[in-house]
Amino acid sequence: MADESMVRTLDAQASAIWPQESELIRRYGLPDDIRILDAGCGTGEGSWRLAEMFPRATVLGVDILEQSLEVARSRNARFAPRLTFENQSAYELRVPDGTFDLTVNRHVIHSIPHPEHVLAELKRVTRRGGRLHLIPEDYGMLHFQLGALDPRDFWHEGPTRFGEATGTDLLIGRNAYGILTDLGLTEISIDYVVVDTIRVPRETFAAIIEAWRDGYIEPIAEYTRFTREEAKAYFDQMIANIRDPRGYAVWMVPVVSARVP
């Protein structure tokens, strides 16, 4: 999904999620001059919001997609030199142990193999007493009204088959707690951002699903039983559900926090 649909996805997701997510971050009670890592920063939608929330903080955003980093740098020059972007892998970060007070990883670990290795690396670079802040997506937590198609068939089967074929866990939201426990992290909490047709503007919610459709129907057709046309039909029905003034749809987004002992 390293294309313009990813840019649209990250823009729309941040617009939908950040108003609720930011209140969860404020609960940590962190000072405004901390050191922050945004691992898997993409186009920097989370990075600049963190720089704005913590006006004396230094924020490093890292990603392996140079085209995303170019977008991030071009959009966020106003926060330099406090906010910088580097091409680094979250599997092997080029920073010393215990560097950061707050380590953030949003919308990443569902899409990569061996997420436990990345979480271990994030723990390594976070200081003792520091926090991890994660959004581990879970595609079993999307709910739409029934129409000509039953969206439950798509979301219950599609993510499982896709994950098996690609070595990823698209249900990582419910599995992150166990991984963090095994890593010895403490004070693990799981909250939820509710992206629905009441709390989020319908067009913003619809833009997320449209970007997913445009970026994912080809790999869905490759890795699951759903054809390209079938996948598009499911997405189109869900988008229509969101845009229907009488319709209701919801995406429950896990937000996971943990402390490094």
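Predicted model: local features only at pLDDT ≥ 70, side-chain atom pairs only at ≥ 80, totals over all residues.
**Ground rules.** I number residues from 1 along each chain as its sequence is written, and I use heavy atoms for side-chain values, leaving out hydrogens and water. Local features need pLDDT of at least 70 and side-chain atom pairs count only at pLDDT 80 or more, while totals for chains, interfaces and linings use all residues.

**Rings.** I looked up aromatic pairs and found 13. Rings of Phe, Tyr and Trp (its six-membered ring) pair if their centres lie within 6.5 Å; planes under 30 degrees apart are stacked, over 60 edge-to-face, and the rest tilted. Trp-48 and Phe-79 have ring centres 6.4 Å apart and planes at 20 degrees, so I logged this pair as stacked. Both Trp-48 and Phe-79 are buried (under 20% relative accessible area, 1.4 Å probe, protein chains only).

I also checked Arg-78: its charged end sits over the ring of Trp-48, 5.2 Å from the centre (CZ of Arg within 6 Å of the ring centre and within 35 degrees of the ring normal).

My next cluster holds Tyr-139, Phe-154, Trp-155, Trp-212, Phe-226, Tyr-234, Phe-235 and Trp-251, linked by ring pairs. Both Phe-154 and Phe-235 are buried.

The largest pocket has about 1,100 Å³ of space. I take a pocket as an open set of points on a 1 Å grid over the protein atoms alone, where a 1.4 Å probe fits, with protein on both sides within 12 Å along at least five of seven lines; lining residues have an atom within 4 Å of a point. The volume is the space filled by probe spheres set on the points, which are joined across faces, edges and corners. Of 47 lining residues, Met-6, His-107, His-110, Ser-111 and Tyr-216 are the closest to the centre of the largest pocket.

Key. Buried < 20%, exposed > 50% of the residue type's maximum accessible area, 1.4 Å probe, protein only.
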